[in-house]
Structures are given as structure tokens and as C-alpha cells.
Amino acid sequence: MPASETSRPDAPPPTRAALCAYCGEEQASAAFERCHACGGLREPLSRQATQNEMGPWQVRNASRPFQPGCSFDTLTRMVDRGRVTRDSVVRGPTTHQFWTRADRTPGVAVLLGVCHACARSVRPSDATCAHCSVVLAPAHDRDSLGLGERRAMPGSDKVDAHVPLSARVNPKRRGAGARVLLLLSLLLNAALAIGWFVLFASTNAAERAGDINEQQATAANEPDAGSRDVSPASSEPMSASADATPSRRVPVGLDPELVDYAERFESALLLAEQLTPEALTRAIEELREIESDARQVGIEPASGESFKALGETVAFLELRHKIERLLVDGEPGSQ
């Protein structure tokens, strides 16, 4: 081969358009922030929120044919919000991934108040049909597609075609994979538990420190035993004053410096429990107003430039808001 050919550098690969991770649509810019087709955000929290809601269920939607599947919990919320009706076309583990009317789909029909087998009325809480005794709510596995067994087709020379793929995997490797998944799940749950424990412990430690400081201040202002013996009447107003101002509990998720706003903080959390985008928006705005009002009257964080506990609470509600907004605008799996 000529030297000129061996020394020639390889041509750079052609530049390809960036893809949306949710629907696969090509984007005009590699630095896009939101998909122009499905509206998905290109940032880690949105990807994780979508991953959390993914599953083996799909609702047929011609306007969004490339959305990922959703979990049964997400499908249940879609039924509650009227996005899935008896005439909707769905597929999932109980239909072996074949498209079926929602009122004929095991596990989904009961949510719509009808038995999938005999079409008689049932309650969503019923486990079995009172008319035909069929099981209404089969067990659901987030990672199981519910596919039927592979069987040999007429004229096929593949003798193992009827053997499920999982049965042909080395059992030792299957066991190792299951152990790895279990370990990862345990580590994730432990990390979440540790995070909440640290937040709770730091809040309680700050509360205890405030109680100790208050007790020390009260003890410093009380007269000694000799003065109490000489003028007992003078000590009574002091004890009455101490009883009139008990220490206040600091809610978990709120900085001790903001204890005067505890009632507003708890009201905002109660509002957020409605888990609707509108309620979460109002709750986040209320928490931000608490910080703004506190700074206006001269309350500043004990350390750093921000109220740490309040900021973490706001960040958590913002993540929950993104998840609920994603479900309202278009659930993953809205096929």
C-alpha cells in the first residue's frame, strides 16, 4: 500500500442529529433543552422521573406513537383522571402485549367498574367478580411484559423454539443477575433512607440545641437559692414567664431559624399532598414566600447563604411537580 494512503488520516464521521430520549425524534440542535415533538426535557431529573413511571403498559395514542410504556400505577392514575375509558385501547402483561379494549383487559376493566370476563358491574376494590368468580386484579410486575410461552411453528426445524428464552440462560447467571438487581435496589432504598434520616437528625439536633440555649438563658436569669429564700415572691413571675413561653417544635424539612413560620410551612405541605401540578405550584410558591418574608424581617440562615432544610424541601416538591406535570401533559406510555 502506498505510503501516502497509509499516512492519510481517516475522515471524521458525519455529524448526526441529536435524538430525544423519550420519543426518538431528531432535534434541530445538539444542545436542545426540550423536544419539539413530545415536549420532554433534556435533563437528568426529567429522565429519572420518566424512568420511575415506565412499565409494560401502553395506551394507544396515534398522536404519540413512540412514547415508552408506563407502570400499572401510572395507568391507574390515567383511569382516575378520565384519560383511559372503557373504549380506550390498551395492552400489557394481562393481554400478552396484544391490543385490547380497556373494559376487556384483566386488571384494567375493574378500575373502570366492569368485569373483563362477564361485563357485569363491579367495584374497583373487588378482588373477584361476584357473578362469575373470575380474579379481577391479577398480580403485576413492573419488569414483566407478560409474554406467552414460545412454541414451535408448523414446519419449523427449531426443536427448542418452544423453550422460553429465560429457561435457556445459565441458572447460575440468572441467580447472579437477580442478586445484583436486589443489591442495587437495597442500596438505593438505603441511600434514600439515610438522606431522610440525616435531614431529620440535623433538624432535631438544631431543635435540641435551641432548647439547651433556652434553658441556659432561663437558668442565668433565675435568682439563686439565697435570693429565693429572702424574696420568694420575686421568683414567681420568673417561673410564670418561663411556663408561658414553651419551646416550639420545628417541623422536619424546616430550618430552626424559621420556626415562627411552622404553621405556614405545614399548611403548604398539606396542600402539596394533593399531588396535582396546581397544588404543588402553590405549595412551592408559599415556601418561597416564607423565605422571602423571613429575610425581610432580618432572619438569616445560621450558616451559609441559604436555608438548607427549606431549600431541600422545595427541591423535592419541584421534582414531584415535574413528575405530575409530565403525567398531565402526556403520561409515558400514552400510545
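**Entry 1: elements and confidence**

I take strands as DSSP runs of E with at least two residues and helices as runs of H or I with at least four, numbered from the N terminus. With that settled, I looked up Gln 97 and found it in the loop between strand 2 and strand 3. The model is predicted, and I checked the confidence before going further. The mean pLDDT of the chain is 74, and 64% of the residues reach 70 or more. Among the elements, strand 3 has the highest mean pLDDT, 96. The lowest, 43, belongs to helix 6, residues 232–244.

Three of them make an open sheet, ordered 1-2-3, with antiparallel pairing. Which strands are at the edges? They are strand 1 (54–59) and strand 3 (100–101), each of which pairs on one side only. Strand 2 covers residues 89–91, and two bridges join it to strand 3 in the antiparallel sense. Across that pairing I found Val 89 opposite Arg 101 of strand 3.

I returned to Gln 97 for its backbone. Its phi is positive, about 70°, although Gln 97 is not a glycine. Is Gln 97 buried or exposed? Its relative accessibility is 16%, so I count Gln 97 as buried.

Ala 119 is another residue other than glycine with a positive phi, near 65°. I located Ala 119 in the loop between strand 3 and helix 4 (171–221). With a relative accessible area of 49%, Ala 119 is partly exposed.

I looked up Asp 126 as well, and it lies in the loop between strand 3 and helix 4. Asp 126 counts as buried at 17% relative accessibility. Setting aside neighbours within four places in sequence, I list Val 110 and Leu 136 as its contacts.

**Entry 2: cysteines**

I searched the whole structure for disulfides and found zero. Cys 23 is in no disulfide either, and its nearest cysteine sulfur, in Cys 35, is 3.7 Å away. For accessibility I noted that Cys 20 is buried at 5% relative accessible area. Cys 23 is buried as well, at 13%.

**Entry 3: an aromatic pair**

My count of aromatic pairs came to one. I recorded the ring centres of Trp 57 and Phe 72 as 5.7 Å apart and the planes at 55°, so the pair is tilted. Trp 57 is in strand 1 and Phe 72 in helix 3 (residues 72–80). The two residues are 15 residues apart, and I note that the pair links distant parts of the chain. Trp 57 is buried, with 1% relative accessible area. Phe 72 also counts as buried, at 17%.

**Entry 4: nonpolar cores**

I ended with the cores. How many residues are in the largest nonpolar core? It has 20, and those touching the most other members are Leu 254, Leu 258, Leu 287, Leu 310 and Leu 317. Helix 7 (262–272), helix 8 (277–296) and helix 9 (308–330) are the elements that give two or more residues to this core. Helix 8 gives the largest share, six residues.

I listed the contacts of Leu 310, leaving out residues up to four places away in sequence. Leu 310 touches Gly 253, Leu 254, Asp 255, Leu 258, Phe 265, Leu 287 and Glu 291.

Technical notes. Residues numbered from 1 in each chain as written. Predicted model: local features only at pLDDT ≥ 70, side-chain atom pairs only at ≥ 80, totals over all residues. Heavy atoms only, no water. Pairing = 2+ DSSP bridges. Disulfide = S-S within 2.5 Å. Buried < 20%, exposed > 50% of the residue type's maximum accessible area, 1.4 Å probe, protein only. pLDDT = per-residue confidence, 0-100. Phe/Tyr/Trp six-rings, centres within 6.5 Å; stacked < 30°, edge-to-face > 60°. Core = buried A, V, L, I, M, F, W, Y, C linked by side-chain atoms within 4.5 Å. Contact = heavy atoms within 4.5 Å.
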